[in-house]
Amino acid sequence: MKIFATRKIPAAGLSMLEEAGDVTIAEPVEDAIVARKKILTGVKGADVLVSLLTEAVDRELLEAATTIRGVANYAVGFNNIDVDAATELGIPVTNTPGVLTDTTADLAWTLLMAAARNIVPADRYMREGRYKIWGPSLFLGTDVSRGGDGQSKVLGIVGFGRIGQAMFRRAQGFDMRVLAFDPPIRDLINDTDGVEYAEMDRLLEESDFVSIHTDLNDSTHHLFGAPEFAVMKTTACLINTARGPIVDEAALVEALRTGQIGAAGLDVFENEPAMAPGLRELDNAVILPHIASASTDTRNRMATMCAENAVAHLKLERAPNCVNAAVYDSTAYRERVGPL
Ligand code: DGY
């Protein structure tokens with residue numbers, strides 16, 4: 001069996017792939033950009049494609065991959081994959097859900113706290129040796145818990161799936177009032193004690209912190225732009241650990257620069273790894289290189305899960321984390337894999 005990976009996954013999963021077949025990695029150097037040509041050429045003759053979120057698995061690539069039995073993505077998000085084209089071509093696609101929920105929510109919370117309390121500029125101030133004397137106005141931030149005015153702060157969660165719900169649980173420890181927007185699961189939200197369903201406008205108007213936990217698709221692209229920032233509180237803080245293009249980043253820079261909103265904590269960017277002009281100069285933005293799931297244990301678990309999915313593809317079994325499971329009953333799949 002031939003396994004083709006666009007880039008290396010952690011050893012815990014890689015060794016499972018090596019036990020299952022011959023593994024070729026298009027670009028084995030950890031931080032090197034993979035040449036698209038290497039992927040298009042390397043996938044020919046492969047039985048399974050292991051992809052990372054950095055590589056587009058688009059129609060062109062899927063059509064070139066005439067022999068693959070499935071795609072195993074090393075990420076929970078799969079916006080890098082044209083799932084419709086995969087389904088049409090009879091290719092099951094898998095992701096790595098569940099294992100990174102808490103790790104990602106932890107980082108979203110870290111961004112929230114860091115942005116609220118000016119942690120990054122305060123740290124820089126210390127390193128630059130600028131701390132001369134304590135003062136009442138040094139790095140004044142905003143409270144996350146009740147704080148000085150005794151009022152609960154409001155957290156608006158956009159996308160109340162696994163990670164959104166993990167944010168909600170963290171917010172309870174800070175005595176926050178929680179609003180959530182996620183129309184398809186409105187009933188689940190209303191049935192959950194301690195969280196209230198709110199339409200986007202109300203959520204934006206009332207929230208002190210807004211955290212994005214929805215996936216990226218046509219309906220969420222630029223869900224946040226100038227009109228949304230215009231209705232948010234001028235002290236509000238926006239957190240994004242989901243996908244960059246959900247936010248119009250140029251509009252966000254403008255909103256942060258002009259004080260339309262108070263702060264932002266970003267782990268993802270619209271044209272990653274590039275940032276919108278002006279973003280890096282802003283002290284009210286905390287910016288991280290897409291590390292929300294980056295704990296050793298979680299990345300290892302993502303790797304074993306990705307490998308389990310890849311092995312299921314190879315064995316022509318229904319993979320445990322298939323995002324287009326209907327494909328297994330399609331003629332396109334049967335034509336691709338032959339008689340079972
Ligand atoms: C994902 O899994 O989608 C994250 O963005 C990276 O872990």
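This is a predicted model: local features need pLDDT of at least 70, side-chain atom pairs count only at pLDDT 80 or more; totals for chains, interfaces and linings use all residues.
User: Which residues place a polar side-chain atom 2.7 Å from an oxygen atom of the ligand?

Analyst: One such atom is on R243, 2.7 Å from a ligand oxygen. Another, also at 2.7 Å, is on H290. The names are R243 and H290.

User: How much of the ligand does the protein bury?

Analyst: Start with the ligand taken alone. It then exposes 230 Å². Of that area, the protein buries 90%.

User: How many charged residues are in the shell around the ligand?

Analyst: The shell includes L53, A75, L100 and M302, along with R243. By class, five residues are nonpolar and three are polar. The charged count is one.

User: Which domains does the assignment give for the protein chain?

Analyst: Domain 1 has two segments, 2-98 and 296-337. Domain 2 covers 101-287. The assignment therefore gives domain 1 and domain 2.

User: How many residues does each domain bring to the contact?

Analyst: The domain centres, taken over C-alpha atoms, are 33 Å apart. Contact here means heavy atoms within 4.5 Å. Domain 1 gives seven residues and domain 2 gives five.

User: Which residues of domain 1 lose the most area to domain 2?

Analyst: The two domains bury about 540 Å² between them, 45% of it on carbon and sulfur atoms. On the domain 1 side, three residues together account for 64% of what is buried. They are N79, G98 and T298.

User: How many residue pairs are in polar contact across the interface of domain 1 and domain 2?

Analyst: The touching side of domain 1 has three nonpolar, four polar and no charged residues. Salt bridges across the interface number zero. Residue pairs in polar contact number three.

Conventions:
Residues are numbered from 1 along each chain as its sequence is written. Side-chain values use heavy atoms; hydrogens and water are left out. Buried area is the accessible area (1.4 Å probe) that two parts lose on being put together, summed over both. A salt bridge is a side-chain nitrogen of Lys or Arg within 4 Å of a carboxyl oxygen of Asp or Glu. A polar contact is a pair of N or O atoms within 3.5 Å; within protein, one must be able to donate a hydrogen and the other to accept it, and residues adjacent in sequence count only if both atoms are side-chain atoms. Ala, Val, Leu, Ile, Met, Phe, Trp, Tyr, Cys and Pro count as nonpolar, Asp, Glu, Lys and Arg as charged, and the others, Gly among them, as polar. A residue is near a molecule or strand if one of its heavy atoms lies within 4 Å of it. Accessible areas come from the Shrake-Rupley method with a 1.4 Å probe; for residues, only the protein chains shown count as cover.
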